[in-house]
Amino acid sequence: MKVFADSDNIKVDATTQMRESARYFASIGMRDLYPESQADADADEYENKVLNIMKEQIGRTQTGRALFTAIAATKPRTMLISPQSRLDTTSSDPDLKYRLELNAFTAGVNFATGGPITCGPVVANAVILFSPEMFEPESAQDAGQSARETLLHEMVHGLRHMTGKDSCQMLNNEFFSVEEFIAMLVTNIFASEIGRPLRGGYKGMFVKQGPYGRNVTQRLPDALQDPKEFLKYKNCADLVSRFVSEHPTFAGALMDIRVPFNPIEEWFFGRRN
Ligand SMILES: [Zn+2]
């Protein structure tokens with residue numbers, strides 16, 4: 001396990017999982033198939049790769065730094081990032097199965113009981129299951145789906161758990177739920193900062209390509225890429241208001257980012273006029 005130096009309540013761990021694999025093979029008399037030294041080397045590679053995405057890709061943006069500051073402010077709550085491969089994809093819940101197979105996943109962990117909280121306004125530690133190679137190489141077709149965007153998106157879900165703001169509220173539109181709207185909102189500001197296409201909806205279309213397949217997502221329609229128009233669309237202004245009231249400091253930091261798509265800046269600006 002390694003600690004992210006810039007926000008030391010974020011931890012990255014593949015060692016636990018990979019050593020478990022090594023011990024399993026040892027227990028069935030096949031120690032040489034996956035020796036512990038190899039497990040440690042694999043874990044090191046994963047942990048360094050994820051830390052590098054955080055430091056060199058997310059951490060070099062204003063959106064990323066604002067998010068890390070918001071996560072650091074939730075201490076003593078913690079966020080743990082581990083490889084996705086530990087997931088059970090045999091779930092009989094079709095939506096859960098879909099999410100576990102195709103996407104990274106974030107849940108809260110009740111620190112009193114150790115049990116998972118998949119949604120609900122409970123202050124919790126966050127666990128993110130994320131394997132960067134599933135989102136590589138980056139493609140302009142996959143709005144919001146690069147490794148760096150996926151990790152940032154999941155970290156926003158994690159922040160919501162760590163601050164007890166996570167809701168179970170579904171939206172009857174392309175944004176799917178309040179949580180996905182908020183994760184996509186922040187990720188789109190990040191995407192605007194790094195010059196990636198903006199994501200316009202939650203569900204994508206699975207395409208069999210490469211070892212993991214790809215999730216081809218909707219792009220935000222051109223008309224809605226104007227933050228003014230975005231805030232007039234459906235209940236977007238209410239949802240942005242909700243985000244601002246639930247995360248005033250984080251929203252205040254995001255407001256200052258001068259990028260083409262920043263509905264939070266527009267929301268504050270519109271209220272000043
Ligand atoms: Zn999400």
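Predicted model: local features only at pLDDT ≥ 70, side-chain atom pairs only at ≥ 80, totals over all residues.
User: Why is the set containing Leu67 called a nonpolar core?

Analyst: The term asks for buried residues of nonpolar kinds such as Leu, Ile, Met and Val, joined through C-beta atoms within 7 Å. The largest such set here has 61 residues, and Leu67, Ile71, Met155, Val156, Ile182 and Val186 have the most contacts inside it. Helix α6 (residues 178-194) gives the largest share, 10 residues.

User: How do you know that β4 and β6 pair?

Analyst: Pairing needs at least two bridges. Strand β4 (residues 105-109) and strand β6 (residues 125-129) are joined by five, so they qualify. The two run antiparallel, and phenylalanine 105 has leucine 129 as its bridge partner in β6.

User: Why are β1 and β5 called edge strands?

Analyst: The open sheet has six strands in the order β1-β2-β3-β6-β4-β5, with mixed pairing. Both β1 (2-3) and β5 (116-117) pair on one side only.

User: What makes the reach of helix α1 close to the expected one?

Analyst: The expected span is 1.5 Å times one less than the number of residues. Helix α1 (residues 15-27) has 13 residues, for which 18 Å is expected, and its first and last C-alpha atoms are 18 Å apart. Just after α1, glycine 29 takes a positive phi of about 80 degrees.

Technical notes:
Residues numbered from 1 in each chain as written. Buried ≥ 20, exposed ≤ 12 C-beta atoms within 10 Å, placed from the backbone. Helix = DSSP H or I, 4+ residues; strand = E, 2+ residues; numbered from the N terminus.
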